[in-house]
There are 2 protein chains.
Amino acid sequence: MKLSERKKKILSAVVDESIKTAEPVSSNDVHSKYLSEFSPATIRNELMALEEMGFLSQPHTSSGRVPTAEGYQMYVNELMDIKKLSKKEADNLKESFDTKLFNLDDVLQKAAKTISDATNYASVVYYGITGGAVVENILLIKLSQNNTLVVVVTDLGVIKEETSAITSTEDDLRQASKILTKMFKGKKLEEVEHSENLITKELARYKQIFDYILHLITERDEHNSVAVSGKDKLLNYPEYQDVYKLKHTMNLLDQKDKLSMVMSEVPEVEFSIKVGGDENLGITDCSIVTTTYKSRGKPIGSLGVVGPVRMDYGKVVSILKNVTKLLEDNQFFKEDKDE
Amino acid sequence: MKLSERKKKILSAVVDESIKTAEPVSSNDVHSKYLSEFSPATIRNELMALEEMGFLSQPHTSSGRVPTAEGYQMYVNELMDIKKLSKKEADNLKESFDTKLFNLDDVLQKAAKTISDATNYASVVYYGITGGAVVENILLIKLSQNNTLVVVVTDLGVIKEETSAITSTEDDLRQASKILTKMFKGKKLEEVEHSENLITKELARYKQIFDYILHLITERDEHNSVAVSGKDKLLNYPEYQDVYKLKHTMNLLDQKDKLSMVMSEVPEVEFSIKVGGDENLGITDCSIVTTTYKSRGKPIGSLGVVGPVRMDYGKVVSILKNVTKLLEDNQFFKEDKDE
DNA sequence: TGTTAGCACTCGAGAGGGTCGACTGCTAAA
DNA sequence: TTTAGCAGTCGACCCTCTCGAGTGCTAACA
């Protein structure tokens, strides 16, 4: 569907104004605030055409126009200009995303919070598209009689948890740590996950520990690979004054498995922008913008923003671009690590 | 203010019905659902008297009655019967509050989630009324070139965090760990917090590490001692269909410092029930039920529930009682620890 | 042929008015 | 002291009317 230059300008104007005011946009609004070179009557004719094409709709006969999902989609695909962040905004982002963290979950959570604070929408950060992390070390540390701290160090950071399930002696722990590290060093997490049949004779003693580590890695893969932040921010938008819709979108943000499905798709283009949700997944009344981040040239996870359909896509895309860069420059995702 | 037996029964009925239906209660409701031994006219007379006393109010002249904050307060102070949980409910609680965790933050978070899930309101768990935790061990573990895991083990569990700030050698770390453990073993966290002047000659080398541990302990005291769970549950109550009120209460649950103030008060009675919020702190449109939990006979923290004024106080109190018990029976809070 | 002024038309928002009925307060009898 | 009876109140709901923002159409204009 080809659009004339003028139609593009007018559609852009309507979308921009919609994003700003959350109200239907009249021909006069477009004329006075965006395109004074065309008279309201001309604009009206174009609006009619754009409505016919499915990009705009009227809440009722004598009201202004509102973009349809298709209208927004056209906007983000072809019309939108991505605002580059000002130096100050970029610096703020950088500062807030302090990269000193060395725990994968913490890094994800921090990235999510940074995005949410910068965009003022809810955000989702996902890790695990191809599970890029490689085991470097497995530590077992006795904390007290019944508690052992298990630390799995990977090249992408630390996964850890303490437990009371392991009651071995310190000597045993040291021994087990050595064997396990030797066994798994250099392997990807999902390789570890599927190595139940690897219990050798020498490892049989440490079956309890082995099982725990499998459990730890599996569990984190299933549950802990999605960080969500800023759900409450949705409260501020007029489209979510309707508590019913609010609940719908908030519920989505609580369903880690559904989020995983959305976030693990790797789009062909840099950004996937699902305007109005995803029919197949039963997601409505919101838009989802996602992009992937890489380590060693391969996508290993994704960043996303969830907000009203009337989202400031230009700003969101720009912020996601920045945070992707910050994340990829993080000591653990960078290709040329100084080790 | 003394109430006749009959007035007590009627006020109880009005409050119970209000909690159930969230609608004004008529004399007929009370008569038909609670007290058929009195005629509606009699009940009307009593309702008038109770209104005069300030326990009830009418949204408008010809409507039923709604309890005032004072009405609820009277109810919780003198009239309410605390439902004992059924065996099954108690078992469910116990099961969901699995005590295998050995990290203070995790335990608090788990307790908060247990309470929120059981009550269907938002919950807050606070630690630090008198800071009961005593240092047992300080571990410094090299994870990679730039990353050291710092673990502070106390008798109440683990406080830990990893950092890239410490770049000492493994030998140094081992040494520092020994010195620090010796120095702080048996001390309370707040004693550690105020020991900046303790840098001895032998410790001077490890100033970086020392500073980090102080930072770690101080920070957790300031920020990480409040666990909140179930904010979203508030969405389900009719009083929060008004997004403005919802925001107000959700904001409260985000302000950790304000929550700390509320949660660190040790009430004289077992339960503090603030009906309608707290004027001094600017908290309105919600009720807060709190109780303290103990370790070694001393209160060290508190559990709380935040919900609409029309809260099922009886159920909440009962659940809090149960969780307090579960928490105090946790391996780390128990007096007779098997160490 | 594309653009624009003029104008009749549409429809939601908001105000005003009327009915209904739930529930009250009062009165007077039991 | 309790209760039946009843008039009175007021919100909820519905209908109607008015107002005006914004449209679509037509005819004139560049």
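**Figure 1. Chain A and its three domains.** In this predicted model, chain A is divided into domain 1 (5-79), domain 2 (87-128 + 226-329) and domain 3 (135-223); such bounds come from an automatic or database domain assignment. The C-alpha centres of domain 1 and domain 3 of chain A lie 59 Å apart. Taken along the principal axes, the C-alpha atoms of chain A fill a box of roughly 85 × 40 × 35 Å. You can look for 13 helices and 10 strands in chain A; helices (H or I, at least four residues) and strands (E, at least two) are DSSP runs, numbered from the N terminus. Residues are numbered from 1 along each chain as its sequence is written, while chains are lettered from A and ligands numbered from 1 in the order in which they are written. Because this is a predicted model, local features need pLDDT of at least 70 and side-chain atom pairs count only at pLDDT 80 or more, whereas totals for chains, interfaces and linings use all residues.

**Figure 2. Helix H13 of chain A and its surroundings.** Helix H13 (residues 313-329) of chain A has 17 residues and spans 24 Å from its first C-alpha to its last, close to the 24 Å expected at 1.5 Å a residue (the expected span is 1.5 Å times one less than the number of residues). Among the buried residues of H13(A) are A:Val316, A:Ile319, A:Leu320, A:Val323 and A:Leu327. A residue is buried if 20 or more other C-beta atoms, placed from the backbone, lie within 10 Å of its own. An α-helix has 3.6 residues a turn, so residues three or four places apart point the same way. The cover over the buried residues of H13(A) includes helix H4 (69-79), helix H5 (87-96) and helix H6 (104-119), along with strands E8 (271-274), E9 (287-295) and E10 (298-307) of chain A. In chain A, buried residues make up 42% of the 339 residues.

**Figure 3. Where chain B meets chain A.** Here, 25 residues of chain B are in contact with 24 residues of chain A, contact meaning C-beta atoms, placed from the backbone, within 7 Å. On the chain B side, strand E4 (135-144), strand E5 (147-154), strand E6 (157-163) and helix H11 (243-254) each give two or more residues. That side has 13 nonpolar, 7 polar and 5 charged residues. Ala, Val, Leu, Ile, Met, Phe, Trp, Tyr, Cys and Pro count as nonpolar, Asp, Glu, Lys and Arg as charged, and the others, Gly among them, as polar. The copies meet through the same surface, because 96% of the interface residues of chain B are also interface residues in chain A.

**Figure 4. The axis between the two chains.** A rotation of 180 degrees, with 0.0 Å of shift along its axis, superposes chain B on chain A (RMSD 0.1 Å). That is the relation of a two-fold axis. Which residue of chain B comes closest to the rotation axis? Look for B:Val243, with its C-alpha at 3.7 Å.

**Figure 5. The surface near DNA strand D.** In this view, 19 residues surround DNA strand D, and the closest are A:Ser26, B:Ser39, B:Thr42, B:Thr61 and B:Ser62; near means a C-beta atom, placed from the backbone, within 6 Å of the strand. Helix H2 (27-33) and helix H3 (40-52) of chain A, together with helix H3 (40-52) of chain B, each give two or more residues. H3(A) has the largest share, 4 residues. By class, this surface has 5 nonpolar, 12 polar and 2 charged residues.

Conventions. Contact = placed C-beta atoms within 7 Å. Least-squares fit on C-alpha atoms with pLDDT ≥ 70 in both. Buried ≥ 20, exposed ≤ 12 C-beta atoms within 10 Å, placed from the backbone.
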